[in-house]
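Please walk me through this structure.

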Amino acid sequence: MVNYNERLDRTFAALVDPTRRAILGHLQRQDGESISELAKPFDIKLPAVMKHLDVLAQAGLITRSKTGRTVTVRLRAQPMRDAMEWLSHYQRFWSNSLDRLTTYAESKEAQLRSKGR
């Protein structure tokens, strides 16, 4: 059995690549797409798309099923849910930073308004 950290590593490694993120975005909008249809919008050859799909499948982000000669790809969101759950533990760090940035920006804006009078 693959442990939780290894699954997270695979998920984040798969999400690093912009083509793979685009594939997932496409599947989010149009679930259940054949590989040839899925490959159409990309400016890469079918074997390269297949390699991207292999990485996504190894990360558990997609499933593939075959009917006759057609392979259909579907999004599997659970690994992303796991990643979001892991990230949520760190949300307080960036939330505090964003709150401080907002306060700073508002104070600078107020200073500029008071000087403009």
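## A guided walk

D54 is partly exposed, with a relative accessible area of 33%. On this scale, buried means under 20% relative accessible area, exposed means over 50%, and partly exposed lies in between (1.4 Å probe, protein chains only). The model is predicted: local features need pLDDT of at least 70, side-chain atom pairs count only at pLDDT 80 or more, and totals for chains, interfaces and linings use all residues. Residues are numbered from 1 along each chain as its sequence is written, and side-chain values use heavy atoms, with hydrogens and water left out.

Stay with D54. Its partner in a salt bridge is R64, and the closest N and O atoms are 3.0 Å apart. R64 lies in strand 2 (residues 62-67) and D54 in helix 4 (residues 46-58), so the pair ties together parts that are ten residues apart in sequence. A salt bridge here is a side-chain nitrogen of Lys or Arg within 4 Å of a carboxyl oxygen of Asp or Glu. Helices (H or I, at least four residues) and strands (E, at least two) are DSSP runs, numbered from the N terminus. R64 is also partly exposed, at 34% relative accessibility.

How many salt bridges does the structure hold? There are three. One of them joins the side chains of E37 and K40, at 2.9 Å from N to O. E37 is partly exposed at 35%, while K40 is exposed at 60%. Another salt bridge links R113 with E109, whose closest N and O atoms are 2.8 Å apart. These two residues are four apart in helix 6, which means that about one helical turn separates them. R113 is exposed, with a relative accessible area of 53%. E109 is partly exposed, at 42%.

Now turn to the strands. Strand 2 and strand 3 run antiparallel and are joined by six bridges. Two strands pair if DSSP finds at least two bridges between them. I62 has L75 in strand 3 as its bridge partner. Strand 2 and strand 3 form a hairpin with two residues between them. In the turn, G68 has a positive phi of about 65°. Strand 3 (residues 70-75) also pairs with strand 1 (residues 33-34), in the antiparallel sense, over two bridges. There, E33 has V73 as its bridge partner in strand 3. In a regular strand the side chains alternate between the two faces of the sheet.

Next come the aromatic rings. A search of the whole structure finds one aromatic pair. The rings of F12 and W86 have centres 5.8 Å apart and planes at 65°, so the pair is edge-to-face. Rings of Phe, Tyr and Trp (its six-membered ring) pair if their centres lie within 6.5 Å; planes under 30 degrees apart count as stacked, over 60 as edge-to-face and the rest as tilted. The pair links distant parts of the chain: F12 sits in helix 1 (residues 4-15) and W86 in helix 5 (residues 78-88), 74 residues apart. F12 is partly exposed at 30%, and W86 is partly exposed at 31%.

Helix 6 (residues 91-116) gives the largest share of the patch, five residues. L98 is found in helix 6, and L98 counts as partly exposed at 49% relative accessibility.
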